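Let's look at a protein together, one question at a time. Take a moment with the sequence and the 3D view before reading on.

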Amino acid sequence: MRAYVPLTLPALAQAHRAGELGPGPLTAYAVTPGLREWYVSDDIEELEYAALTRAAHGSLRLLAADPGAVRKRVVVAVDIADGAVHADPDRALDPDALGEVRLEAAVPLAKAAAVHVDADDAAVDVAKAAEALAAADGGDADAQFVVDGADDHELLWFATQEIEHLIAG
C-alpha cells in the first residue's frame, strides 16, 4: 500500500539522519474505503492524488505548529505492507479525517518511493495558510480562503536520492 506521510523540512532532515520516519505511531494518508466513497472514483491515480493532497494539508498543520520551520509542505510517499496501516472505522467518513491512517511503527526511509515538496514560489502562500489555519478551523471563511490558497501550489516530485539536497537548501 502507498501511504503519504506529512512532514516538515526539519522532520525530513531528522528522518534522513535516523534512516527512518518515526518513531511510530505516525499519522499518514492513503486510499481508504472512506476516501473512495467520498471521492466516488475508481481511478487509483485520482485517489492517490487525493490522499497526497490530504497529506499536504497535514503538513500545513505541522507547519502551523512549528513557526521556525521553512514554509514548505513536505510529504513522503512510502510503500508498506497493508497490515502496517490502520484506519479508524469510526472516522472513515469524517471530512476532516478522509484517508487518514495510522502507521504503528517507524518506517525505514528505504521504503520511501518519493518525496513531494513545495517549490520556492509557494513559500509566501504556505506561510499565510499556516498562519490562517486556526481561524479557518474556527469557521472564518476569509481564513479558509487563505488556507485553500496553498492548494493552488502543486507539490514537486523528488527522488529519495535528492533528500540530502532538499534538506541542505
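Q: Which side chain does Arg 2 meet in a salt bridge?
A: First, a note on what you see: this is a predicted model, in which local features need pLDDT of at least 70 and side-chain atom pairs count only at pLDDT 80 or more, while totals for chains, interfaces and linings use all residues. Residues are numbered from 1 along each chain as its sequence is written, and side-chain values use heavy atoms, with hydrogens and water left out. A salt bridge here is a side-chain nitrogen of Lys or Arg within 4 Å of a carboxyl oxygen of Asp or Glu. At 2.7 Å, N to O, the partner of Arg 2 is Asp 79.

Q: How many residues apart are Arg 2 and Asp 79?
A: Arg 2 sits in strand E1 (residues 2-7) and Asp 79 in strand E4 (residues 74-79). Strands (E, at least two residues) and helices (H or I, at least four) are DSSP runs, numbered from the N terminus. The pair links distant parts of the chain, and the separation is 77 residues.

Q: Is Asp 79 buried, partly exposed or exposed?
A: Buried means under 20% relative accessible area, exposed means over 50%, and partly exposed is in between (1.4 Å probe, protein chains only). The relative accessibility of Asp 79 is 34%, so this residue counts as partly exposed.

Q: Which residues are linked with Arg 73 in a network of salt bridges?
A: The side chains of Arg 73 and Asp 151 meet at 3.6 Å, N to O. Arg 73 is in the loop between H3 and E4 and Asp 151 in the loop between helix H5 (141-150) and strand E9 (156-158), so this pair ties together parts 78 residues apart in sequence. Arg 73 counts as buried because its relative accessibility is 2%. The residues linked with Arg 73 in the network are Asp 118 and Asp 151.

Q: How many salt bridges does a search of the whole structure find?
A: Side chains of opposite charge can pair when their charged atoms come close. One of the pairs here is Arg 2 with Asp 79. The search of the whole structure gives a total of five.

Q: Which proline is joined to Gly 24 by a cis peptide bond?
A: A cis peptide bond joins Gly 22 and Pro 23, with omega about 10°. Pro 23 lies in the loop between strand E2 (20-21) and strand E3 (26-30). For the bond from Gly 24, omega is about -5° and the proline is Pro 25.

Q: What percentage of the residues of the chain count as buried?
A: The chain has six helices and nine strands. Its C-alpha atoms fill a box of roughly 40 × 40 × 25 Å, taken along the principal axes. Of the 169 residues, the share that counts as buried is 43%.
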